[in-house]
Amino acid sequence: MGLMNDKDHAVQLLIDEDVLKDENIGCHPCVCTSSLKMKTLDIIEKYLPATGHDYITVHLVGED
């Protein structure tokens with residue numbers, strides 16, 4: 001959610017491909033005592049364009 005504060009577009013958003021497969025994404029709305037659950041498509045199709053940001057899909061490898 002902090003991308004709304006990045007007016008100079010200095011931040012590049014990376015999203016793991018597995019996260020994009022889920023219907024919802026959980027995040028903090030720039031307040032440590034709160035959490036949000038938002039539809040993944042709403043973030044990709046509405047929030048990111050509203051902030052002028054794009055994202056890069058990445059493949060993260062975790063422990064088996």
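1. A starting term. A residue is called buried when its relative accessible area is under 20%, exposed when the value is over 50%, and partly exposed in between. D18 is partly exposed by this rule, because its relative accessible area is 40%. The model discussed here is a predicted one.

2. Salt bridges, the count. How many salt bridges are there by the rule used here? The count comes to 3.

3. K21 and D18. The side chains of K21 and D18 meet in a salt bridge, with 3.4 Å from N to O. Both residues sit in helix α1, which covers residues 17-21. They are 3 residues apart there, so about one helical turn separates them. Is K21 buried or exposed? K21 is exposed, with a relative accessible area of 65%. D18, at 40%, is partly exposed.

4. E23 and K39. This pair also forms a salt bridge between side chains, at 2.9 Å from N to O. Where do the two partners lie? E23 is in the loop between α1 and β2, while K39 is in strand β3, residues 36-39. The pair therefore ties together parts that are 16 residues apart in sequence. E23 counts as exposed, at 54% relative accessibility. K39 is partly exposed, with a relative accessible area of 41%.

5. D42 and K46. Here the closest N and O atoms of the salt bridge are 3.5 Å apart. D42 and K46 belong to helix α2. They are 4 residues apart in that helix, so they are separated by about one helical turn. D42 is partly exposed, at 30% relative accessibility. K46 counts as exposed, at 56%.

6. T40. This residue is found in helix α2. Its relative accessibility is 5%, so T40 counts as buried. The side chain of T40 reaches the backbone nitrogen of N24 at 3.5 Å. What else does T40 touch, leaving aside residues up to four places away in sequence? The contacts are V19, L20, D22, E23, N24 and I25.

7. T51. Helix α2 holds T51 as well. T51 counts as buried, at 14% relative accessibility. A polar atom of the T51 side chain lies 2.9 Å from the backbone oxygen of L48. Not counting residues up to four places away in sequence, T51 touches L3, M4 and H9.

8. The largest pocket. About 230 Å³ of space lies in this pocket. Which residues line it? They are M1, G2, L3, L13, L14, I15, V19, I25, C27, I43, Y47 and L48.

9. The lining residues divide into 11 nonpolar, 1 polar and no charged. Some names return from the points above. L3 lines the largest pocket and is touched by T51. L48 is another lining residue, and its backbone oxygen is the one that lies 2.9 Å from the T51 side chain.

Definitions and conventions. Residues numbered from 1 in each chain as written. Predicted model: local features only at pLDDT ≥ 70, side-chain atom pairs only at ≥ 80, totals over all residues. Heavy atoms only, no water. 1 Å grid on protein atoms, 1.4 Å probe; cavity = no way out; pocket = protein on both sides within 12 Å on 5 of 7 lines; lining within 4 Å. Points joined across faces, edges and corners; volume = space filled by probe spheres on them. Nonpolar A, V, L, I, M, F, W, Y, C, P; charged D, E, K, R; others polar. Salt bridge = Lys/Arg side-chain N within 4 Å of Asp/Glu carboxyl O. Helix = DSSP H or I, 4+ residues; strand = E, 2+ residues; numbered from the N terminus. Buried < 20%, exposed > 50% of the residue type's maximum accessible area, 1.4 Å probe, protein only. Polar contact = N/O pair within 3.5 Å; in protein donor to acceptor, adjacent residues only side chain to side chain. Contact = heavy atoms within 4.5 Å.
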